[in-house]
Amino acid sequence: MAEIIIKDVRKQFDDFVAVRESSFTVDDGDFFMLLGPSGCGKTTTLRMIAGLELPTSGQIFLDGEEISQRPPSQRDIAFVFQMFALYPHMNVRKNISYPLVSQGMRRADVRKKVSEVAGILGIEDLLDQPVGGLSGGDRQRVALGRAIVREPKAFMMDEPLGALDAEFREHMSLELRALHDRMGATTVYVTHDQLEAMQMGDKIVVMNNAVVEQFGTPREIYDMPASLFVADFIGSPSMNFLDFDGAVEAGSSVASLGGVEAAIPEMRESASGKLVLGVRPEHLRLSDSGTLRGEVLATEYLGTTQILTIQTPQGELKARVASDQVVQIGEVTGLDIESHTVTLFERDSGRALRSALNEGVLSRG
Ligand code: ATP
């Protein structure tokens, strides 16, 4: 069991900054996701926690003890790679036993531990098989078994399901999450897949360009994005952004969008200049007397819902509505915004403005 604290951690490779002053806390027992686009610094962050890279500055704590400069062998953290390399000449039992045998554990104890771990993973019947003929999922289970058997304080997983096809990946992600719930071991998991992060994580750190953009629960990240980047990266289709030049006042619940007055959550700070109103597709409602009006350009049927593309004078919007609503391409419709769900951003900095919606989350930093 382990709590991991990352404090102002920076990693530089010569002049290149891969991770810039990052801070977040992984609570004991969390399934914790590091999410962001390729090259944003996720793997480097994970490798620093495991000790495979040392931070240029900043501190890492494991259960209250500083481990920033310790070698991996003194951290009690297991690393599960995407390209899990099993020993091809050994059978499943020997692959899983290996870390214990190399620690010098007694044979009988090794056998017992390996049986326990195989039971947790549901691979008891594979123990005496060679690893060569195993399916991708079983190979992944053996790799996990080899990590679990050591009973480390925490697991670091770098896109462990990345090599699997989509259907199997979903199955394995559920299995991994269930395994975590049974074992309760702190896990930090790198992914660039926002859906995977939302489905599996207790908490998510969203990184971009070497910087932590936001850190919170999936619900906080989705409903209360701290930046335009997070708002755009999470959700499919992504949030609608309406640009306007204007001003909003602390205490006010109205924004003027190019002549249209839109209700917004009560603001907790004032701002002026280039602003952006962000609204998720499912928070737009078709209505005869809508705040916005526009022409339906396209409809995309998704079963229970449909996605409408609507051209308004304020920009092109996506609305997610029930699929039984009858909508014709070319029709002009009104749109209401569910005002309490709206986030306002500063265009230039990308920062979300504080309002009654997100104040608690943003003030936590
Ligand atoms: P991906 O999913 O593509 O691996 P990532 O978010 O995990 O992306 P990192 O692997 O952490 O990104 O890499 C962040 C940046 O640091 C990249 O531009 C990468 O090229 C650079 N980088 C990583 N390791 C080194 C290294 N040893 N030397 C120089 N640059 C490095």
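Colleague: Let's begin with a helix. How many residues does α4 have, and how far does it reach from its first C-alpha to its last?

Modeller: Keep in mind that this is a predicted model. Helix α4 covers residues 136–148, which is 13 residues, and it reaches 18 Å between its end C-alpha atoms, close to the 18 Å expected at 1.5 Å a residue.

Colleague: Is α4 largely enclosed or open?

Modeller: An α-helix has 3.6 residues a turn, so residues three or four places apart point the same way. In this case, eleven of the 13 residues of α4 are buried, so the helix is largely enclosed by the rest of the structure. Among them are Asp 138, Arg 141 and Arg 146, along with Val 142, Leu 144 and Ile 148.

Colleague: Now the backbone angles. What is phi at Asp 8, and where is Asp 8 found?

Modeller: Asp 8 has a positive phi of about 50 degrees, although it is not a glycine. Asp 8 sits in strand β1, residues 4–13, and at 41% relative accessibility it counts as partly exposed.

Colleague: And what about Asp 14: buried or exposed?

Modeller: Exposed, because its relative accessibility is 74%, and the cut-off is over 50%. Asp 14 belongs to the loop between β1 and β2 (16–26), and its phi is also positive, near 50 degrees.

Colleague: Which residues does a cis peptide bond join?

Modeller: Ser 236 and Pro 237, with omega about -5 degrees. Pro 237 lies in the loop between α8 (228–233) and β11 (240–248).

Key. Residues numbered from 1 in each chain as written. Predicted model: local features only at pLDDT ≥ 70, side-chain atom pairs only at ≥ 80, totals over all residues. Heavy atoms only, no water. Helix = DSSP H or I, 4+ residues; strand = E, 2+ residues; numbered from the N terminus. Expected span 1.5 Å × (residues − 1). Buried < 20%, exposed > 50% of the residue type's maximum accessible area, 1.4 Å probe, protein only.
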